[in-house]
Amino acid sequence: GKGLAAKAIHTCGQRSQGPFVAVNCGAIPEHLMESELFGHQKGAFTDAKAPKKGRLELANGGTHFLDEIGEISMRMQIDLLRVLEDKIFYRVGGTQPLEADFRVIAATNRDLKEAIAEGAFREDLFYRLNVISFEMPPLRERKADIPLLCEHFLTRFARETNKPIRKVHREAMDEMMLYDWPGNIRELENAIERAVVIGKEAQVMLTDLPIICGRPEGASTGGGPPDHSLKAVEKHHIETVLSENQWNISHCAKLLGIDRSTLYNKIKRYQLQAPD
């Protein structure tokens with residue numbers, strides 16, 4: 001959702017003819033972030049066999065989208081603040097100052113004011129970035145979008161898999177409207193894709209959506225009232241995704257629509273353990 005909104009701002013603005021350069025700050029290791037943003041000169045480090053332009057340089061005349069800005073290190077926060085203030089930067093290993101004219105759009109799923117209070121995010125960088133801000137409401141707060149999104153994803157995946165699935169059964173749709181979607185639109189997209197792949201009917205059935213219903217496939221609903229709390233549903237869903245994907249953290253984080261560090265935090269919070 002955040003990336004799509006950033007691309008829409010770029011496309012509809014005066015910089016639409018310029019480049020749109022995106023970087024997921026939570027997906028790039030800290031020791032590579034400086035080179036990714038600022039570029040490097042030949043010989044700047046062992047593998048620098050040729051000069052390379054950084055993302056800031058590539059975004060000249062356009063928009064630079066910094067997703068998950070709350071994940072960058074304190075050192076990189078200082079460097080980024082300097083660039084935003086002075087509009088000048090240096091490639092790693094370089095001595096020639098470079099200038100680039102770009103608009104910055106930053107996004108995060110963290111509470112940056114809380115991070116500032118914890119000493120994890122610089123207050124001056126926050127106020128430098130926070131010129132115009134808006135909140136992307138989670139899918140659970142705009143459930144009227146779910147039927148339209150389902151129709152869009154269903155049409156796409158049915159075409160890609162060449163399967164004659166054209167609609168969602170009312171019972172399945174009712175369950176999806178009740179579900180809180182902790183993974184937001186990406187989780188909905190993955191749920192529809194999975195339902196299309198495993199479905200045997202001409203429509204998506206409730207039995208094609210065991211994760212969305214908050215219980216594993218074949219689980220009994222007896223034996224006491226089920227725990228329908230958001231925490232329990234999220235824990236079960238994360239555990240299921242990890243299990244189905246052999247605990248591949250990078251892949252699971254992508255499926256869940258979160259960065260790896262967030263997934264690690266949730267694994268620790270819910271005390272989940274990989275099988276031997």
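Biologist: What percentage of the 276 residues in the chain is buried?

Modeller: A residue counts as buried under 20% relative accessible area, as exposed over 50%, and as partly exposed in between (1.4 Å probe, protein chains only). By that rule, buried residues make up 39% of the 276 residues in the chain. This is a predicted model, in which local features need pLDDT of at least 70 and side-chain atom pairs count only at pLDDT 80 or more, while totals for chains, interfaces and linings use all residues. Residues are numbered from 1 along each chain as its sequence is written, and side-chain values use heavy atoms, with hydrogens and water left out.

Biologist: How many helices and strands are there in the chain, and what does its C-alpha trace span along the principal axes?

Modeller: Helices (H or I, at least four residues) and strands (E, at least two) are read as DSSP runs and numbered from the N terminus. The chain holds 12 helices and nine strands, and its C-alpha trace spans about 70 × 40 × 40 Å along the principal axes. A contact means heavy atoms within 4.5 Å, and of the contacts between residues at least 6 apart in sequence, 68% join residues at least 24 apart.

Biologist: What is the accessible surface of the chain, and how far apart are the mean positions of its positive and negative charges?

Modeller: With areas from the Shrake-Rupley method and a 1.4 Å probe, where for residues only the protein chains shown count as cover, the surface comes to about 16200 Å², and carbon and sulfur atoms account for 49% of it. For charges, Lys and Arg count as positive and Asp and Glu as negative, leaving out His and the chain ends, and each charge is placed at NZ of Lys, CZ of Arg, CG of Asp or CD of Glu. The mean positions of the 37 positive and 39 negative charges are then 4 Å apart.

Biologist: How many salt bridges does the rule give, and which parts of the chain does the pair of Arg-128 and Glu-85 link?

Modeller: A salt bridge is a side-chain nitrogen of Lys or Arg within 4 Å of a carboxyl oxygen of Asp or Glu, and the count comes to 15. In one of them the side chains of Arg-128 and Glu-85 meet at 3.8 Å, N to O. That pair links distant parts of the chain, with Arg-128 in helix α6 (residues 123–129) and Glu-85 in helix α4 (residues 74–86), 43 residues apart. Arg-128 is partly exposed at 28% relative accessible area, and Glu-85 is also partly exposed, at 49%.

Biologist: Where do Glu-189 and Arg-156 lie, and is Glu-189 buried or exposed?

Modeller: The side chains of Glu-189 and Arg-156 form a salt bridge of 2.6 Å, N to O. Glu-189 belongs to helix α9 (residues 184–198) and Arg-156 to helix α7 (residues 146–161), so the bridge ties together parts that are 33 residues apart in sequence. Glu-189 is buried, with a relative accessible area of 19%, whereas Arg-156 is partly exposed at 25%. Elsewhere, Glu-36, Lys-52 and Arg-55 are linked in a network of salt bridges.

Biologist: What is the nearest side chain of opposite charge to Asp-67, and which residues does Asp-67 touch?

Modeller: Asp-67, in strand β4 (residues 63–67), is buried yet has no salt bridge, and the nearest side chain of opposite charge, Lys-2, is 4.1 Å away. Not counting residues up to four places away in sequence, Asp-67 touches Lys-2, Val-23, Asn-24, Cys-25, Gly-26 and Ala-107.

Biologist: How should I read phi, and what is the value for Glu-68?

Modeller: Most residues other than glycine have a negative phi. Glu-68, in the loop between β4 and α4, has a positive value, near 55°, and is buried at 4% relative accessible area. Asn-184 in helix α9 also has a positive phi, of about 60°, although it is not a glycine, and Asn-184 is partly exposed at 28%.

Biologist: Where does Ile-28 lie, and which residues is Ile-28 in contact with?

Modeller: Ile-28 sits in the loop between β1 (20–24) and α2 (30–38), and counts as buried at 18% relative accessibility. Leaving aside neighbours within four places in sequence, Ile-28 is in contact with Val-23, Met-33, Glu-36 and Arg-55. Glu-71 is 43 residues from Ile-28 in sequence, and the two are 9.7 Å apart in space, C-alpha to C-alpha.
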